[in-house]
Structure formats: structure tokens, C-alpha cells
Amino acid sequence: MKPAPFEYFAPASTDEALSLLAEHGYDAKVLAGGQSLIPMMNFRLVQPSILVDLNNIAELAYIREGDDGGLRIGAMTRHRQVETSPLAAERAPLIHVAMSKIAYPQVRTRGTFGGSVSHADPSAELPALSLALGGKFRLRSQRGERWVAAEDFFVSLFTTVLEPDELLVEASIPPMPPRSGWSLQEVARRPHDFALMGVAAVVTLNEKGVCDGARLVFISAGDRPIAAERAAESLKGQAPSSKVMEEAAEIASMQEIDPSSDIHATAEFRRHLANVLTRRALEQAFQRAAETKQEG
Amino acid sequence: MDRKLIGKRVVRNEDPRLLTGHAQFVDDVHLPGMLHAAFLRSEYAHARLLKVDVSKARQHPGVVAVFTAEDMGKDWFPGPPLVSPPPTVKDVVFHSRRQVPLAKDKIRHAGEAIAVVIAESRYIAEDAVEEIEVEYEPLPVVLDLEQALQPDSPLVHDDLESNLAARLSQKKGDYEAARRQADVIVKRRIVIERGAAAAMENRGIVAHWDAQSEHLTIWDTTQAPIPIRNGTAARLGLSEHQVRVIAPFIGGGFGPKIMMFYPEEMVIPWAAKQLNRPVKWIEDRRENFYATTQERGQIHDVEMALSRDGRVLGLKDDFLHDTGAYDPYGLTIPLNTQSHNMGGYDIRNYSSEFKVVFTNRIIATPVRGAGRPHGIFVIERMMDAAARELGMDPIELRKRNLIPPDAFPYEHQIIDQAFAPLILDSGNYKAVVDKALEIIGYEKFIKEEQPRLRREGKYVGIGVVPFIETTGVGPYEGARVTVEASGKVNVTTGIGTQGQGHFTSFAQIVAEQLGVKVSDVRIVTGDTSEFHWGTGTFASRGAVVAGSAVHAAAKSVRQKVLKLASKVLEAPEEELELEDGAVRVADIPQKSISLGELAVLANPLRGAVEPGTEPGLESTSYYGPQYGATAFGTHAMILEVDPQTMMIKIRRYVVAEDCGTVLNPLILEGQIHGGVSMGLGNAYYEKLHVDENGQLLNASFADYLLVSSTEMPRIEVAHLETPSPLNELGAKGVGEAGAIPVPALFAQALENAFYDRKLEVLEMPLSPNRLFELLREAQENEKSV
Amino acid sequence: MPTTFDLTITVNGTRYERSVEPRTLLSDFLRHNLGLTGTHVGCEHGVCGACSVLMDGQPVRSCLMFAVQAHGHEITTVEGLGTRDELHPIQQAFQEAHGLQCGFCTPGILTTVKAFLEQNPNPSEEEIREALSGNLCRCTGYQHIIEAVELAAEKMRG
Amino acid sequence: MKIEGEYVFDAPREEVWKVVRDPEVLTTCVPSVQSVSKVNENEFTGEIVLRIGPLSGAFGGRVTVGNEVPPESCTLTVEGTGKIGFLKGVGNVVLVEQDGGKTLMKYSGEAQIGGKVASVGQRLFDSVSKGMIKQGLDKLNDILVKRMAA
């Protein structure tokens, strides 16, 4: 299990990296934290001819407050940095709690926010959470810069709208509206494995305690993070009750997600879990929203 | 016997080396000019090998050689039969088919080695492996044990009439008569799937042929260096004295590192000799899943005959055992299963026939437990099924059938894995069960806690499973104990060691006899140049068999010490005592001599050694038991399960163990903890998933799930000691014990947790997904009733 | 010949200058180029944790990094803790609590625990289990390891 | 691995049959096909470079058509081998006429995946096969719609 040979570049700036990507296109593979890519290279399932290593680009590692009061996270920010960031805990608690569920401590010291999002593994947390929070990503190439909303970013398994010469340089996570609550529910064989099923819920109540908006995004439920829009829609205008939560869970698990079968779980078991977890997630999210309402 | 060191929580001698990274493992061996090997392995599970073209690989820069079966010429022949042919039990069938160094003509399991590349680095060797071109003709695959025995099944070995590798039946009493007398007959089919041993260190070999001295040195991750030396010498036409096998520190064995004679063990030393350069091969994790032996696949059809009052009158168990593509390890595993099928119960009528089946899977050889967990799973699942049928408390049913303390030695009238009569040497089984019940608080849990938890909507179950473990089998081991001039003691034995703490427990045995500090006893294991005779570390026999040999040698040295000291100190032997590295006259402490000084006197440089005596304070002893010592234990567990997600939490885990004299409780507890974690893997996490074409689908630690720190419960251990009468230490083995009862226990606790569903677990391992399916089936069955 | 990179790396306080192929894994570099064989390799896909070392004080999988990526960084391996005669308190605790059997996974655990206890000198059992979740051990069932970490924390608090 | 599904084409059955029966068209719909050459009426060989995110691998492949019942059904056999493993799929394709000039395709078959990619990539099979089939059929439909418009 030794990787095949490759040509290696370690640019010190984003501009330099973009110029390498412009030059080598499809042949080049971007190396961020490497915690998904290097295992695949060791198995020789992936044999890139050129690696562009971003680890020397200091300017891409930061966590800042966004103009909107949310969070700006540089692509090369390590999971560990987010996990230990008081700002992240305050501005994006959903992302903050998820950090301890991502693999193991040794992986979190290397793994990066941008790498995880760009890798677009449907079983990973950060793509789904970015989507649940209405995040967007700043993509740069020598041709220019664009912002892409998370909901438009993920295409299919390991595939995003990123062009071969393009780099995801930053994520922007907006703050949740007032009277919002959130929850992340997962079932994994062992706590640090990829979830057999997971769901992130973000709900907002109006002043009367009626649901004003909701987002439900599923992990391991299709070829990309899957947003259950109809289920979320069904909650709108409803006062939270176990009946409406059960209905939403039913819609999401039976109609909206498209889980696969693999050796750990059949699609049927995954749908069952999705149903259970949706109810639990909504209950907790509404509970949290109600608590913030009282505080506010 | 008053014991100063045996039975104490002595910290380990070997730890400082391991803790600082200085202990040598096989992959740490670095020799000048060393080359590195990588194997090309079959992608297909069953195929004809039409063409292997290595020409491009040979041209690859940095490649020194590429070998195929053809290139081995007359040196290509199968490995030896490892465990001698089966015994003279009536009507036994056994077809011996052994693994080959490199596949020729036909592939019999995915991962079978086809060619080896030897290059300047492992990286280059792997590059060149990708350049070998192979043409296969895929054949239909043999996987299912029952279909494999159908007349129209494809054949794993074309020269045999069927895929039947062996058949053996054993009987005790008259099962049919018992069946006729029975009030209740319970019948079940039980399916047990394969798992991997998954030692943290993969296998590896370094071979160095010194052409000048005509001497071959092999570093090998083997549990049995002496058989590997003997076999290698025979294969290469060398004297056993021309071959030295060193099993240095080994990163866990768990069975598969046994004297397998793996293809790599045949190829690498041969290649090193051919090339006249040292060659290293280190298995990677993916290969470990494809090329290292596995265990556990069996299907049982079981029948239990009982009286209304809960006496087991008889047991019948016919089963199929999956041996994989070859059967070098004989009948060890299924015989072990047969020996454990009756557990610790007094069952007078028993009938069991097993059929061993060739399949297109990796060879099965013992993995921690070695057929025992299967036997215990079968009997204990049957006990639970019978208890339900009889409406009896499952623990009460067990207690009524335990072998009573006055029935030992208890003769089962069948043979065990070593072909010796299965005799349970000693024990006090009920006391052990009671201890486990007491610690876990069985009565209180059943009567108070569980009803309360159920009212709270929680699914919390309890399980209690007793088990036996036959241990410490023959043939024999030896040891040499030497007092050196420094006063320190050197001990050598032929077995290898893989973390069991032999460097310490053997040192305790010696220190006890010779009155030295445990840290002043140096243990040498796993080096054939240090000790010529022996077999290896398996079947929970290290402490019992090698330990007894060490004990005997230490006692003999003690006699020599006393004899010589008596002369020197001019005092009768009875008045001497060995303390603090010296011999002194009791009550006259100033009259003493150190062991070092005595050792010098025992090896005189002038004068003469008296006729009929030997120089030195040294002795070599051997120990070979007539039959093995049998340990007994009981595990108990309180398990909570989320009935919606199938996620589990083990609230309590209790082990009451009687493995005879405890040498070192610290080490013993460690062995038990580790065994339980593997058993828990076999219960709920570890399964090798093979698709219908014989492709392994989870050849990585991402998908083959070992229990990690977040799943493991805290384990409470209690020791009871019924010393074995078979050896002077009174020891019984324990290495595999922890793993044996866990799947049966888990199943029982799970069924108990789902009190309101008709869940019955007749398979291991389970998984959340499988549990979900079983509950669905139970629900549907209930509906249809 | 493939291109090689010159790298400068500090391991256990010693500075090394070596030339490596970019594909050389940090684990192989430490073991075979520098002869620091205390770091073990168990899976080479980032799950078992045996190869864990500290980079600039943080635990990383050395099988999931290329040696070139450690250029200019400081690495601590098990050889950088205590010596046989003078064990580090964590090593002492592992001996006293029997926190190792075959010892193969141990170096990765010791380095991981070192970083962990520096960040969390008084951890709960649950936190210890979390911290060790990326280190597989097949021998011990973890219990004695956890007890060793508790003991080490106690020793280091003084 | 079982593969099963349905797809509705916006074209009549005869037209669908034509493209299904024309491996030259069919193979262009297999995502990532690099080259195709005709061995005979029923057999085509080609090379596929599969790209799924960072995963990529070249497969030499062969497509054969058998058991034809025009314009209703046929059997497609796809075989490929490459560095990361091998693939063999046998599938039955049935075309059913629908209202409004549409055609329902029902497909069912068995895919066998072996080698390296099977041993560590099982988590992805289902998703990959579903995705590739969907992509391919969408492309086929595009071709049909264009042909109809032309």
C-alpha cells in the first residue's frame, strides 16, 4: 500500500496554486488535509500525476466573523481549529458540535474545512451542514472569482461544480435567524465512523411559536447531501407537535431521500433511521428554538 | 505452597523496551543490501490461470527479480501438513490439500499469490506489480457450505469427487435413546460467519542467506518459530542447524501467525537464497485481509433432548465447517467445536458429525477461540431456547445441568483437538456462576431494576453465560534456566510471544524458585538458535505448557544451587534459603553466598568437574501434558439497546474466571479484557462480507470494524482458583477465554432486552442492520400467527 | 530517476536533512530513512492510529502525510518521550497500569496521549475514551490503557 | 450486486430500440467513454476512463448484445478490466410502449465488481451505478429528443 509516483508542487500562495491548476487542469489533484485523498492514493485507487499541496498557503487558514454576523472559514482551516474556536461555537454551533464527530483527533488536526467540502462525500458532515445553514462558497480561478450557494455546489458523489482550474478558498456560513434551533442526529456503527444515516435540522419559529422556516439535510442519504424540501415545507406555518414532526419525517424518509444499500445498512434500514432521526432532530431543534425565544 | 511472587501484580519486564520504541519487530530489521518484495494476488476467487506475463515488470527500473510458479522449478511444491493426519476414529474421511507458494494453473481464493516482485524498494515493487499482465478464465465460485456439497457444485480441487475435505463423527452414550425418553426436543439451525484476527501488526518476513557460512536467518512474525525452522530447512534441503528463525517482538498473534507455512514463508527465504541478498516482505493491511488466515464459518443443525424438569438428556449437533481453499491445519477447529458443544454441562448422550468443506475462500486456521466460541454459542443458544420452551429461568436451567465439583476428572468419552481424550480435569463450576451472578446482582436486577427500566420505556437486558475452555494441550515445550556469573538468570524457551507477558510471568516462576528479583530474570523466546525443541504459542498453552517446563527447569536449578551451596556453606540443604539473589543459612544471615558467586564456582576454570555432574547452574526441562487443563468462566452483561436505531450500550460487564493458579492477575486481567473486546467484535461488529463471487467487500479498517475505546465497556473481573492437578503450577490457560462466551452472552442479553418481541438470535455476528431485519421478521411472524 | 525533494525536518529535537521522493510517506521516512522504527505502521489508511506522531505538538497520522509535507516542521515520535532508564510519566503509567500487551499500537497511543494531556490535564473517563478513539488496540480491550492515562494525568499534575 | 430500474424516454419504442441496438450510439452514452471500435454487429470494444471525483481509472471494455427480440427486449453484457479492478454486468432491457409517444425502459441485471475497488469501495457502488445509469440514460434521451426534432 504505497502511493504511485507523482509530481509535487507546494505553492506558498493562492495565486501560485491557481496558476498551477490553470496549467495542469485535470491532471492535477489538489491536496488539502489529505485525510481522504491519501488513503485512496495508498490503496492506489487514485493515482494523480500531479499534486498541488495547499498546506503551505497560510492565507487560507482562518476563522473570522462575517459581515452578516456569521462565520467566514478559510479553506485550509483545520477541523481542530474549528473545534476549538469560541467564535465558531458562538456563531455556528451546529458546525462546532459536528467537529467532534468527524473521524478521530489525529485526522482533525490535518483535515480541512475546504478539503472536506470540496471532496463532497455524501457521508460527510460538513457538506450537509453547510447546506443546512444556507452557506455559500467562494471559488477562485485565474479566470476570476464566484460565490456558489451550498445548494448549487454539490453535484453528485465526490463531484461539485468546481472546475479543474478552480479552488474553493472560503466558506461563508450566515447566522441563523432569531428564534432558531438546530440539531444534528446521527447513527454510526462506531461513533467516529461515517454515519449510516444522519440529519441536520435547522428550524425557526415566529413570535407566536409557529414554524417560520425549516431546513432538513441528510447525510448518507443519496449521492450528495440531500435537502428534504417538501418535508421542510410541510412544517411551515405549523406549531411544532409530534404529529407534524412525524409527518415531516415520513415525507423526508420515504419520498425525498435516496439512500443506498451497502454492507453496513440496506436502503430500507437507512430510511427507517432517517425517519427516527428526523423526529429526534426536529424535536430537539424546536426545543432549542423555543428556548431562544424565551431568552430573547 | 507459600508463594511470594506467583499470583502478584508484578509489572512487566518487557515494557520499557516496548514503551520507548526500542523493541524490535520484524519490519524494524534493516540489513545492508536488503531488497523488498510485493506480491501480485488474484482478483478472482476461482479461475484458471491462463497466462502470467511478467516481462514488463522485469524491465521496470529498480526491479531485481520477478518470480512465478514456473520460475520456482522443482522448488515449487505445496506446504507441509501442519497438524498430523486425523486420528483413528471410526469412518473418518480426510483429504489433505495444502497451499502452494505461488498459484499455478488454478486460483482457489481471491488474494492467492501469483507472482512476486523483488525490487530496491517496496514502492518500486508495487509499481512493477501493476505491470504484470494476467489472463484469467473465471470459474463459478464455491461459497455456500451446503451448495458446495451438492453433486452439481463446481469443485475447488478438481481431482476430488466433491468439496468434502473431511468428515468425522463422535458419539457418547446413546442420543437416540435419550431422545425417546425426552419430554421436550428443541431443534435449531445456527449460522456462524467468518471474522478476521486483525492483529495490529501485519505479517512479515526478512530472510538473509549468508553464502559464505551457508546459513539462513529468517525473522518471521510467527507464533511457532521452531516448526518454521524445521519446515524451511526441509524445503530448502538444509540442515536444521543451518537455519535460524527469529520471532522477535510480535504485534499480536491471535492464531493466524501460527505455523501456517504461508506462501510468503515458502517464497521469501527461497528468493533470498536465489538472489543471495536479504529480502524483506511486509504484509500490508489490504493483504492481511486477503492472505492471512481467518476463522469461524460454520452451520449447525442442533437438537437438544430435555426432561420436563430441565435435565439435558442428550445433544445432537451435525455441522458444516468452512476450511476455505485448503486444509493444512487439519481438524483442529471443528474438533474444538465438538469438544465445547456440551459446555460445562453434565450431558451423558451426545452425537455429533461434522463435515469440513472446501470453498473459494481464504484458508481457515484457528483464531482466538478456535472453534470454541462456536461450540459455546451453540450450547448456550440451545439452553436459552430450551429455557423458553420449558418456561424456566435460563440460569436455573443451566445450574441444574452443570458438572458437579465431585465429578472431576470428568471424562467425555470423545477426543479433543489434540486427539487426546476429552477429560475436564478439575473445577468448581457452580461457584463461578454464582460469583458472576452475585457481582452483577442478577436477582436484584431481574426483580427490581429491570421492571423499573421497562416502565421507563427502556430496553435493558441481562445475560449470563458459563463456558469451558480446553487449554494447555501438548505435545510439549521445553526451557533452559541458567544462573549467570552476574547473579542474573537467563531463561530460554522455544515458544514465541506476542504480548502475553511471558517475559514477566516466566520470570516470576523462576524468581519464585531462585529467590531473585523478577527484573533479574531475562527471558529469551522465539529464537531457534537459543532453543532447539518445541512447537509454539497457541491453544492458550504458553503459560501452562512452557510455564510448566520453565517451572521444572527452575526447580532443578534450585536443587543444583542448594547442593553446591550446602557444600560451600557447610550447612545441610534443609537449612538453606534462597533470598535476594543469595543462598543463606536460615537464622544465620551472615553465612551466605550470592548466586553469582555460586555460578562461578559451578563452572570451575581449574580442577575437575566431578564425574556424573555437569558444570554450571543450569538445567533444561520439558513438559508434555497427557491431556489439556480445562478452565471455566462465566460472563454476565447488562445491555441497553435503542429499539429504534439498534445502537447498543453495555452498562455492565462481569467476568468470573477460574483458570487455576493465577500467575499474575494484572496480566490475566489484560488477557481477559482483550478477549472480551474481540468477542464483542464477533458479536456485533466484525464480519467479513463476501459477495456472491467471492470478493471480499470490506478489506479495510474503515469497513471491517474493530471495537474501539468508545464501544468497550469497563469490565469487572473476579478470580476463583481451582488448581489443575495436571501440572505443578496448577495453571490453566486463559489466552482465548475472554473471547469465547461473548457472542452467546450478547445474544442472550439482547433477547432479554427485547422482552416484548419474539426475537431469537441464531447467528453470529449480528449488526444493527441485521438486528433490524430480525425484529421485522419477528413482527411479521407474530402477525401471521 | 524520479525527482527528489530536499527536506529539513526536526525529529525529537534533532535536525535532519534528507532527499526524498515526494511520494514517500512520513511513516516510511521516519522508520526507514531515519531509522526511527518506534513509529509503527498498522493500516496505511488512517484508521488504526499506530503511526500517530506529533507534528508541532499536534497528533497526526504519519501514514497520511508525505514526508515532504513535514519540511520545516518539528516531529515528535515515541523515541522522543523518555528513555529506558528514565521513562516519561506517561510511559511509567503505562507500565504500572499494564496499558500495553504486544506493544505494537503503543507508540501511537503514547504520542496521542501526550498531546491530549497537555491540552486536558484532568480528563474524565469519557474524554479519555474520545481521545483514544483513533487508536485501535487488539490486545488490551482498552481498559488498562484508560487506567494508564488516568494514572499518567495524575503523575503529570504532580 | 443487483441493478434494477426504470426510465421513461421521450420517444417512441422503435426509435429507442434503434439507439439501444446501436452500440456505437449506446457506448457514447456510457459516461467517460474514450474510444469505441466495432468487432461485429453484436460486439464492440472500447476504453473508458472513469472519473468519480478523485477516483479515476482506465478500463478496457467490451459490450455485447444478445437475445434480441426487436423492438422489445435484449440482453446487454458489459465487461471491463483495469488497474483498480474489474467489472462485469449482464442486464436485460425491456421496452414498453407508453401513451404520448413515450417508451418505458425496464432494466434489471447483475453487476460483478472485483479487485481493489471492490475491496475498499463498496460504500460507493450503489451510488456510482445509479448515477452512471441515470447519466447515461439521460444522455440517450437527449440524443433521441434531438433525433426526433431533426
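User: What distance separates the centres of domain 1 of chain B and domain 2 of chain B?

Analyst: The model is a predicted one. In it, the two centres, taken over C-alpha atoms, lie 39 Å apart. Domain 1 of chain B comprises 15-21 + 474-623, and domain 2 of chain B comprises 371-472 + 627-780.

User: What makes residues of domain 1 of chain B and domain 2 of chain B count as a contact?

Analyst: The criterion is that C-beta atoms, placed from the backbone, lie within 7 Å. The contact involves 17 residues of domain 1 of chain B and 18 residues of domain 2 of chain B. On the domain 1 side, helix 14 (502-514) and helix 15 (542-569) of chain B each contribute at least two residues. Helix 15 of chain B gives the largest share, seven residues.

User: How many residues of that side of domain 1 of chain B are nonpolar, polar and charged?

Analyst: There are five nonpolar, eleven polar and one charged.

User: How many residues of chain A and of chain B are in contact, and which classes are found on the side of chain A?

Analyst: By the contact criterion, 16 residues of chain A meet 21 residues of chain B. Helix 12 (residues 267-295) of chain A provides the largest share of the chain A side, four residues. That side has ten nonpolar, three polar and three charged residues.

User: Why are strand 1 and strand 2 of chain C called paired?

Analyst: Pairing requires at least two bridges. Strand 1 (residues 5-11) and strand 2 (residues 14-20) of chain C share seven bridges in the antiparallel sense, so they qualify as paired under that definition. Phe5(C) stands opposite Val20(C) in strand 2 of chain C. The two strands form a hairpin with two residues between them, and Asn12(C) in the turn has a positive phi of about 50 degrees.

User: Why do strand 2 and strand 4 of chain C stand at the edges?

Analyst: The open sheet of five strands in chain C has the order 2-1-5-3-4, with mixed pairing. Strand 2 and strand 4 (58-61) of chain C each have a single partner strand, so one side of each has no neighbour in the sheet. Neighbouring strands of this sheet are turned by 40 degrees against each other on average, direction ignored.

Note on methods: Residues numbered from 1 in each chain as written. Chains lettered and ligands numbered in written order. Predicted model: local features only at pLDDT ≥ 70, side-chain atom pairs only at ≥ 80, totals over all residues. Domains from an automatic or database assignment. Contact = placed C-beta atoms within 7 Å. Nonpolar A, V, L, I, M, F, W, Y, C, P; charged D, E, K, R; others polar. Axes fitted to C-alpha atoms, helices over the stretch in contact; angles between N-to-C directions.
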